[in-house]
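Subject: Structure handover and findings

Hello,

Here is the structure for your files. My notes come after it.

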Amino acid sequence: MPLLDEQALIDRVLAHIDGKTTDLADSVWHEPVEHYFSPERLDAELACVFRRTATPFCPAAALSEPGAYLAREAGGAPIVAVRGNDGVVRGFRNACRHRGMQVAEGAGCRKVLTCRYHAWTYNLDGTLRGVPDEYGFPGLDKDAHGLVPVGCIERYGLIFVTQDGEAEPDPALTQMEGLISPDHRLIAHDVIEMEANWKLICEGFLEGYHIRSTHAETFYPRQYDNLNVIEAFGRGNRVTFPYQSIERLRDAPRETWRAPGVLTSVWHLFPNVVISTFPKTHKITIVEPLSPGRSRMETFILTNAKDSAEDQKRVDISRAFVAAGAAEDRMVVSAVQKGLTSGANAVLTFGLFEGALTRLHREIAAAIG
Ligand code: FES
Ligand SMILES: [Fe+2]
């Protein structure tokens with residue numbers, strides 16, 4: 001099913017408000033609690049899900065010029081993406097071909113990538129450029145010692161990386177064409193580590209059943225509790241959260257209805273990426289497992305706001321609003337991780353309101369087999 005356009009999405013939300021309803025899944029799902037702390041389960045997820053899926057590595061706006069690079073762990077392995085002098089972004093295993101040191105850390109812009117251990121240097125296309133005191137390596141085939149490439153493709157304003165298999169992203173993702181425009185620029189990149197399984201963190205973004213209880217003083221005064229439109233989007237979902245400001249559209253001509261300001265849609269790109277949309281900003285959250293009970297959240301904020309004071313004010317208000325709610329989600333999720341290891345539950349139960357979570361677990365189970 002194609003995603004609803006803005007007007008149809010607003011129609012569906014207004015119908016839910018009137019009927020005091022929400023989108024419902026077909027069935028309840030039970031997920032074994034062990035899947036949130038078992039090392040074997042995480043190994044299978046990394047091998048069968050993370051490394052075999054073309055997953056967003058960073059926004060293209062993070063690599064806006066030749067030589068711009070970003071290095072981080074993805075799917076449990078160090079990866080670096082770098083924009084070449086030809087404008088093409090390439091991805092590599094971030095390990096020197098001498099003795100394995102990472103050739104780049106964090107983000108920056110360089111003419112070449114130089115390993116800090118013994119200073120072997122690599123061109124932006126990954127080829128080995130220089131070896132200090134090369135006479136110490138008789139017979140070294142420099143052509144065979146470039147950085148090892150991974151699948152890497154720029155699409156829809158994102159850089160997708162695949163470590164094992166087909167580099168092309170899921171064709172269903174063409175539906176996000178235009179979501180991130182060439183006008184969007186990166187204004188923040190934050191990294192937070194959390195004591196929680198990566199799936200718990202993703203789950204928090206994908207249901208609105210917790211709005212009143214968890215976000216009583218942040219989101220709830222402006223949104224609705226347990227009122228979502230949930231649409232299949234590739235192997236993930238698009239989950240839409242309305243604001244009470246949507247009521248003002250009832251008196252406006254339908255052709256003037258626009259989503260920004262009245263809806264936040266959370267686009268879940270399977271398995272571990274969500275893009276949340278706000279007026280003037282998009283927030284991209286990438287959740288990377290570090291261990292079964294520990295994860296790293298990489299957050300990128302993009303904006304297409306002008307430099308005007310009015311636009312900047314809207315960006316600041318929106319970021320503060322989102323940050324307050326996100327802190328509440330992090331508190332809950334870390335507490336849930338403790339609850340899971342307490343032995344109280346053998347399974348977690350996802351109800352009919354939590355269909356996007358059921359979908360996540362179904363897809364993981366299907367990939368692992
Ligand atoms: S490990 Fe990189 S130069 Fe030695
Ligand atoms: Fe939340």
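Predicted model: local features only at pLDDT ≥ 70, side-chain atom pairs only at ≥ 80, totals over all residues.

Nonpolar cores

The largest nonpolar core has 38 residues. Trp 198, Ile 201, Phe 205 and Leu 206 have the most contacts inside it. Several elements give two or more residues to this core: helix 2 (39-50), helix 3 (198-205), helix 5 (309-341) and helix 6 (355-368) on the helical side, with strand 14 (236-242), strand 16 (273-278) and strand 19 (347-350) as the strands.

Neighbours within four places in sequence are left out of the contacts given here. Trp 198 is in contact with Leu 42, Glu 45 and Phe 50, with Pro 271 and Asn 272, with Val 287, Pro 289 and Ser 295, and with Leu 360 and Ile 364. Lys 199 also lies in helix 3. Is Lys 199 buried or exposed? Its relative accessibility is 0%, so Lys 199 counts as buried. Not counting residues up to four places away in sequence, Lys 199 touches His 35, Tyr 36, Glu 45, His 361 and Ile 364.

Largest pocket

The volume of the largest pocket is about 520 Å³. Its lining consists of 23 residues, and those nearest its centre are Glu 6, Ala 259, Pro 260, Thr 277 and His 282. Helix 1 (6-19), strand 15 (263-269) and strand 16 give two or more residues each to this lining. Strand 15 provides the largest share, three residues. Sorted by class, the pocket lining has 10 nonpolar, eight polar and five charged residues.

Cavities

Rolling a probe the size of a water molecule over the atoms shows where empty space is left. How many cavities of 30 Å³ or more are there? The count comes to three. The largest cavity has a volume of about 330 Å³ and is lined by 24 residues. Gly 204, Phe 205, Phe 219, Ser 276 and Asp 329 lie nearest the centre of this cavity. At least two lining residues come from each of helix 3, strand 15, strand 16 and helix 5. Helix 5 gives the most, with six residues. The classes in the cavity lining are 13 nonpolar, seven polar and four charged residues.

Backbone exceptions

Most residues other than glycine have a negative phi, and most peptide bonds are trans.

- Phe 270 and Pro 271 are joined by a cis peptide bond, with omega about 0°.
- Asp 133 is not a glycine, yet has a positive phi of about 50°. Its place is in the loop between strand 9 (128-130) and strand 10 (149-155). Asp 133 counts as exposed because its relative accessibility is 56%, the cut-off being over 50%.
- Asn 226 has a positive phi as well, near 55°. Asn 226 is in the loop between helix 4 (211-214) and strand 13 (229-233). With a relative accessible area of 16%, Asn 226 is buried, since buried means under 20%.

Arg 116 is found in the loop between strand 7 (113-114) and strand 8 (121-122). Arg 116 is exposed, at a relative accessible area of 62%. Beyond its neighbours within four places in sequence, Arg 116 is in contact with Met 101 and Glu 105. The side chains of Arg 116 and Glu 105 are joined by a polar contact of 2.9 Å. From C-alpha to C-alpha, Arg 116 and Pro 2 are 49 Å apart in space, and they are 114 residues apart in sequence.

His 210 is in the loop between helix 3 and helix 4 and is buried, with a relative accessible area of 13%. Its side chain makes a polar contact of 3.1 Å with the side chain of His 215. Leaving aside neighbours within four places in sequence, His 210 is in contact with Gly 204, His 215, Asp 225 and Asp 329. Gly 204 and Asp 329 are also among the residues nearest the centre of the largest cavity.

Regards

Technical notes
Residues numbered from 1 in each chain as written. Chains lettered and ligands numbered in written order. Heavy atoms only, no water. Core = buried A, V, L, I, M, F, W, Y, C linked by side-chain atoms within 4.5 Å. Buried < 20%, exposed > 50% of the residue type's maximum accessible area, 1.4 Å probe, protein only. Helix = DSSP H or I, 4+ residues; strand = E, 2+ residues; numbered from the N terminus. Contact = heavy atoms within 4.5 Å. 1 Å grid on protein atoms, 1.4 Å probe; cavity = no way out; pocket = protein on both sides within 12 Å on 5 of 7 lines; lining within 4 Å. Points joined across faces, edges and corners; volume = space filled by probe spheres on them. Nonpolar A, V, L, I, M, F, W, Y, C, P; charged D, E, K, R; others polar. Polar contact = N/O pair within 3.5 Å; in protein donor to acceptor, adjacent residues only side chain to side chain.
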